[in-house]
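Thank you all for coming.

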Amino acid sequence: MNPTITAFELSPDRGRGLARDMRVRWALEEAGQRYDVRLLSFSAMKEPAHRARHPFGQIPTYEDGGLALFESGAIVLHIAESHAGLLPPDPVARARAISWMFAALNTVEPPILDLQTVLFLERDKSWFEERRAMVKDAIRRRLAELSGHLGDAVWLDGGFSAGDLLMVSVLLRVRAAGILDEYPNLAAYVARGEARPAYQRAFAAQLAVFTAVSGG
């Protein structure tokens, strides 16, 4: 049987590849692993049946036989460890790739998520402009450091890995703010990730869900 993942029935990102099931879809596509998708409404995500899979009532989740996982990073790591191609075979290089997975989620993504919170939930506050500027500065500091490390390299550490998959996924979330374009090597890095056939298949699958449900 194929593993089953959960995804939004009607994605708040309008199928633009930003919802976190995209990371799992992409990893499965890179691994050449077929999968099934269980679509959930926002209300169904909070029901006991789904909370048994994800204690916080979010997506994605991953089920394969008796294994049930939540958190996109943990799911991607499991896929990468279970299939060839997303982690290097050399133990040292493998450990470095896993470090980049954690860096994407724990170091680069938090200020990007802060910006989304500011833009969507704090726009009516008296301190909105000051707060937005501070968060953007925090993002720029992280991107400048990441840009300095990447330099002219194609990927973060040798060949493409799950570290790149998660980092590209995270950077895509800040592109709409225009900040990514300030770092041409990072913008090109993200474009390389998007150009991968596995990414294209995953994006098309996620978009198809939104298009079908919304009637767009």
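Before I divide the chain up, please note that the domain bounds I use come from an automatic or database domain assignment. With that in mind, the protein is divided into domain 1, which covers 4–85 + 198–215, and domain 2, which covers 91–196. Where they touch, the contact takes 15 residues from domain 1 and 19 residues from domain 2, and here contact means heavy atoms within 4.5 Å. The C-alpha centres of domain 1 and domain 2 lie 21 Å apart.

A word of care about the source: this is a predicted model, in which local features need pLDDT of at least 70 and side-chain atom pairs count only at pLDDT 80 or more, while totals for chains, interfaces and linings use all residues. Residues are numbered from 1 along each chain as its sequence is written, and side-chain values use heavy atoms, with hydrogens and water left out.

How many helices and strands does the protein have? There are 8 helices and 4 strands, where helices (H or I, at least four residues) and strands (E, at least two) are DSSP runs, numbered from the N terminus. Along the sequence they follow the pattern β-α-β-α-β-β-α-α-α-α-α-α. The radius of gyration is 17 Å, close to the 17 Å that the globule rule gives for 216 residues, so the protein is as compact as a globular protein of that length; this radius is taken over C-alpha atoms, and the rule is 2.2 Å times the number of residues to the power 0.38. The C-alpha atoms fill a box of roughly 50 × 45 × 30 Å, taken along the principal axes.

Next comes burial, where buried means under 20% relative accessible area, exposed means over 50%, and partly exposed lies in between (1.4 Å probe, protein chains only). Of the 216 residues, 44% are buried. Helix 1, residues 21–31, is mostly covered, with 10 of its 11 residues buried, and among them are Trp-26 and Leu-28, together with charged residues such as Arg-23 and Glu-29. Just after helix 1, Gly-32 takes a positive phi of about 70°.

Let us now compare two positions. Arg-38 lies in strand 2, residues 36–40, and is partly exposed, with a relative accessible area of 28%. Although Arg-38 and Ile-5 are 33 residues apart in sequence, their C-alpha atoms are 6.1 Å apart in space. Leaving aside neighbours within four places in sequence, the contacts of Arg-38 include Ile-5, Arg-53 and Glu-63. Gly-148, by contrast, sits in helix 5, residues 128–150, and is exposed at 57% relative accessible area. Gly-148 and Gly-66 are 82 residues apart in sequence and 43 Å apart in space, C-alpha to C-alpha.

Finally, some backbone geometry. Most residues other than glycine have a negative phi, and most peptide bonds are trans. Which residues does a cis peptide bond join? That bond lies between Ile-59 and Pro-60, with omega at about 5°, and Pro-60 is found in the loop between helix 2 (48–51) and strand 3 (61–64). Glu-71, although not a glycine, has a positive phi of about 80°. Glu-71 is in the loop between strand 4 (67–70) and helix 3 (72–82), and counts as partly exposed at 40% relative accessibility.
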